[in-house]
Amino acid sequence: MDFKSPDMKKAIFIFLLMALPIPFIMGQTDSTKAVSPKSMGEIKTLFNRDDHPIKVGFVVGPDAAFTQFKGRDVFLLGMSMGVILDHFFTVGLAGYGIINPGNLWYDNIKDGKGGYLYGGYGGLKLEFRVLPKSPVHLNFPILIGGGGLVYNDWKWQNNNDNNHSGESLDWDGFFVVEPGVMMELNLLKFMRLDVGVSYRYTPDLNLMNTSSGLINNFNANIGLRFGKF
């Protein structure tokens, strides 16, 4: 057999050219066997992975807070609820209202009249926990939403009954953002206690004869949490 002939050289070249992809194809076949057909067809996402499926829980509970509006003591009562993702993150809603408006009388609001301040706020609440499975850990919440305040001049009609009427002197809606830091205690498997501080900021409050920063202040917060953590 003449290996030096042009025809033989051409045949050897074609054979080598055809044989080169064989190792690559075999490697691909082996790697294909290592991956299940189910995993080949799955779309990988940030929040749903085979090696770390996201655990979903829920939380709901009452909240209470103490703050001040222009040096006057204010008590807020509210409720929050949300969905817990993988123990660390919570996405939910929260709302708070003034429960002692009788302590919030302001003079000379409109035409020389004074009024009591009523209202509240709420919105989207996001939370991030550090070491959530530890008995005591930190939680960093932030509330982004809106609210409303109204001055109302309540007047008793007479001393013999409880009927009363009043005039709304002025009201306004506002945007609010309230970040905070909480110490969270795992009391029971289904119950937690939150204690901490937050700061409420409302940049666009617009009420008659009232500072735009009337309710911008720190909150001292406490809350109970019930759910699946």
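Predicted model: local features only at pLDDT ≥ 70, side-chain atom pairs only at ≥ 80, totals over all residues.
V136 is in contact (heavy atoms within 4.5 Å) with M183, E184 and L185, leaving aside neighbours within four places in sequence. V136 itself lies in strand β6, residues 136-156. The C-alpha atoms of V136 and N186 are separated by 6.5 Å, although the two residues are 50 apart along the chain. V136 is partly exposed, at 47% relative accessible area.

Residues are numbered from 1 along each chain as its sequence is written, and side-chain values use heavy atoms, with hydrogens and water left out.

Now step back to the whole chain. The protein chain has 3 helices and 9 strands. These are DSSP runs, numbered from the N terminus: helices are H or I with at least four residues, strands are E with at least two. Along the sequence the pattern reads α-α-α-β-β-β-β-β-β-β-β-β. Of contacts between residues at least 6 apart in sequence, 60% join residues at least 24 apart. Of the 229 residues in the chain, 33% are buried. The chain exposes about 14,500 Å², and carbon and sulfur atoms supply 67% of that area. Accessible areas come from the Shrake-Rupley method with a 1.4 Å probe; for residues, only the protein chains shown count as cover.

Next, look at the loops. K70 is found between β1 (56-69) and β2 (72-85). Its phi is positive, about 55°, although K70 is not a glycine. K70 is exposed, with a relative accessible area of 67%. D111 is found in the loop between β4 (105-110) and β5 (113-130). Phi of D111 is near 55°, again a positive value in a residue other than glycine. D111 counts as exposed, at 73% relative accessibility.

T210 is found in the loop between β8 (191-200) and β9 (217-228). Not counting residues up to four places away in sequence, T210 touches I109 and Y151. With Y151 there is also a polar contact of 2.8 Å between side chains. A polar contact is a pair of N or O atoms within 3.5 Å; within protein, one must be able to donate a hydrogen and the other to accept it, and residues adjacent in sequence count only if both atoms are side-chain atoms.

Methods: Buried < 20%, exposed > 50% of the residue type's maximum accessible area, 1.4 Å probe, protein only.
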